[in-house]
Amino acid sequence: MSWLDKLERRFGKYAIPNLMYYIIILYGAGFVLFMVNPQFFSDYLSMSPQAIMRGQIWRLVTFIMQPESGNVFMTALILYVYYLIGSQLERVLGTFRFNFFYFSGIFFHILVAMLMYFLTGLSLPIGILHLNTSMFLVYATLFPDAEFRIWFTIPIKGKWLAMAEMAFLLFSILRVFLPAYNKGLQVLAYMVGALEATAALVNFFLFFLLAKSGVKYAKHKREFKKKVRQAKPMDYGNGAKHKCAVCGRTELDGEGLEFRYCSKCNGNYEYCQDHLFTHTHVK
């Protein structure tokens, strides 16, 4: 059991279902505020490590409302795509794991902004553009053969788009070191992009390499669900359909008894709630 599994068992009940729905509402509110009074958003809501250190801690939350476009149509399309991808990832990875991915991404964005401030004195207004696009990296890693249509017409597989997105993130980091891009105030804009890309990539690799929750987890989960669906209904007598493989109890032995299949056992073994996490796995 990985440390993320242990976290899920302990804190999974606090995970927010349908998280992208609430994130999209925040984005929408941020877009409206920005269009009505962009100066107010910049002065009081955007990421500003300097202002946070002066006590404006609400910016640690409100900075995620920063819109990615001033165009109503583009913003609506972007939010729609984010919602579709985020909702699908939550169904595949589970509510807790998707919450973990998204909130750890926000944490890393805050971390790189604060580190930049303490190391250089620059208070840069970073957003979470690349965190949202990194959701696509996660999705394309889980479903490399999923087909997308560029401009609603050109079909292309997710794995190729993921490679292009990874290359763009790396370029966003490296270009701050290229002389051609180090001109005037433009450098600050590129530094913001580099910080956002760095936070997104760190979060992406942490989630898949350290948390061990990537392709292997998703594939295992899909195979387990398929195995459960294919399991033949059992009849243990007197109408009982469930029986614990350890203690032999059925649902008829107690009104509050619950039974679950074990995803780590080799076969369709079912256990009551008292033995689901304590039994020896069948290999």
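Author: What follows takes the helix pair, then the ring pairs, then the loop residue.

This is a predicted model, in which local features need pLDDT of at least 70 and side-chain atom pairs count only at pLDDT 80 or more, while totals for chains, interfaces and linings use all residues. Residues are numbered from 1 along each chain as its sequence is written, and side-chain values use heavy atoms, with hydrogens and water left out.

Two packed helices are described by the angle between their axes and the distance between the axes. The axes of helix α7 (residues 95-120) and helix α8 (residues 129-142) come within 11 Å and cross at roughly 140°; axes here are lines fitted to C-alpha atoms, for helices over the stretch in contact, with angles from 0 to 180 degrees between N-to-C directions, and helices are DSSP runs (H or I, at least four residues) numbered from the N terminus. That angle makes α7 oblique to α8, given that under 35 degrees counts as roughly parallel, over 145 as roughly antiparallel, 65 to 115 as roughly perpendicular and the rest as oblique. On the α7 side the contact (heavy atoms within 4.5 Å) is made by F98, F101, Y102, G105, I106 and H109, and on the α8 side by L131, N132, S134, M135 and V138. These residues divide into 7 nonpolar, 4 polar and no charged, where Ala, Val, Leu, Ile, Met, Phe, Trp, Tyr, Cys and Pro count as nonpolar, Asp, Glu, Lys and Arg as charged, and the others, Gly among them, as polar.

Turning to the rings, those of Phe, Tyr and Trp (its six-membered ring) pair if their centres lie within 6.5 Å, with planes under 30 degrees apart counted as stacked, over 60 as edge-to-face and the rest as tilted; by this rule there are 7 aromatic pairs. One of them is F40 with Y44, whose ring centres are 5.2 Å apart and whose planes stand at 40°, so the pair is tilted. F40 and Y44 are 4 residues apart in helix α3 (residues 38-44), and are therefore separated by about one helical turn. F40 is partly exposed at a relative accessible area of 36%, as is Y44 at 43% (buried is under 20%, exposed over 50%, partly exposed in between, with a 1.4 Å probe and protein chains only). The rings of F204 and F205 have centres 5.3 Å apart and planes at 75°, so this pair is edge-to-face; F204 is buried at 6%, whereas F205 is partly exposed at 37%.

Finally, V176 lies in the loop between α9 (158-174) and α10 (186-210) and is buried, with a relative accessible area of 17%.

Key. Helices (H or I, at least four residues) and strands (E, at least two) are DSSP runs, numbered from the N terminus.
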